[in-house]
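Here is a short report on two residues and their surroundings. Keep the sequence and the 3D view open while reading.

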Amino acid sequence: MPPGPGHRGPVLGDTLLLDITPNPLLEPDPADPSERRQSLVEYIRSLDVLASLPLTRVHPGHGEPIEDPHGLIDGMREHHRARSEDLAARLTTDGKTGWQLANEVFSGLEGFDNFLAVSEVVAHVDLLVREGRAEPVIRDGVTFYRKI
């Protein structure tokens, strides 16, 4: 239900959701379609901006108002840190593809859920690459991610 007249707090769309984290999709960069957008990196920046604001109540795109946005932001940051650490532990010096990593983390998926899983894994590996803990290596046209 959208906020009515006199509501208190900003409307954030799907940036913050009570029960799930938004999925960072693999997609082209709008500024340069030959490059891939790093949507989780962008999302973390958005969380940083929100964390700096004096928020007390926000309205998500779906669901009830969020009464503790800073607690939720902290929880989302922790979720992404934990997922990145899990993936860092799975990387090898030879490297693994996003598909291989997604199958290790999310087993038994079917259909479109496979795309969502690969998107999430690659997005978290992007964070590891930015931290200097992983690197992409292209072999035979396929991107592998290896630990440094």
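Which backbone nitrogen does the side chain of Thr-92 reach at 3.0 Å? In this predicted model, the backbone nitrogen belongs to Gly-95. The side chain of Thr-92 also reaches the backbone nitrogen of Asp-94, at 3.4 Å.

**Thr-92**

Thr-92 sits in a loop. The loop runs between α2 (69–90) and β5 (96–97). Thr-92 has a relative accessible area of 28%. That value falls between the 20% limit for buried and the 50% limit for exposed, so Thr-92 is partly exposed.

Now look further along the chain. Setting aside neighbours within four places in sequence, Thr-92 is in contact with Tyr-145, Arg-146 and Lys-147. Take Lys-147: it is 55 residues from Thr-92 in sequence. In space, their C-alpha atoms are 5.5 Å apart.

**Lys-96**

Lys-96 lies in strand β5. Is Lys-96 buried or exposed? Its relative accessibility is 15%. Buried means under 20%, so Lys-96 counts as buried.

The side chain of Lys-96 reaches the backbone oxygen of Arg-90, at 2.8 Å. Arg-90 is also among the residues that Lys-96 touches when those up to four places away are not counted.

**Side chain to backbone**

| Side chain | Backbone atom | Distance |
|---|---|---|
| Thr-92 | nitrogen of Asp-94 | 3.4 Å |
| Thr-92 | nitrogen of Gly-95 | 3.0 Å |
| Lys-96 | oxygen of Arg-90 | 2.8 Å |

Terms used:
Residues numbered from 1 in each chain as written. Predicted model: local features only at pLDDT ≥ 70, side-chain atom pairs only at ≥ 80, totals over all residues. Heavy atoms only, no water. Helix = DSSP H or I, 4+ residues; strand = E, 2+ residues; numbered from the N terminus. Buried < 20%, exposed > 50% of the residue type's maximum accessible area, 1.4 Å probe, protein only. Contact = heavy atoms within 4.5 Å. Polar contact = N/O pair within 3.5 Å; in protein donor to acceptor, adjacent residues only side chain to side chain.
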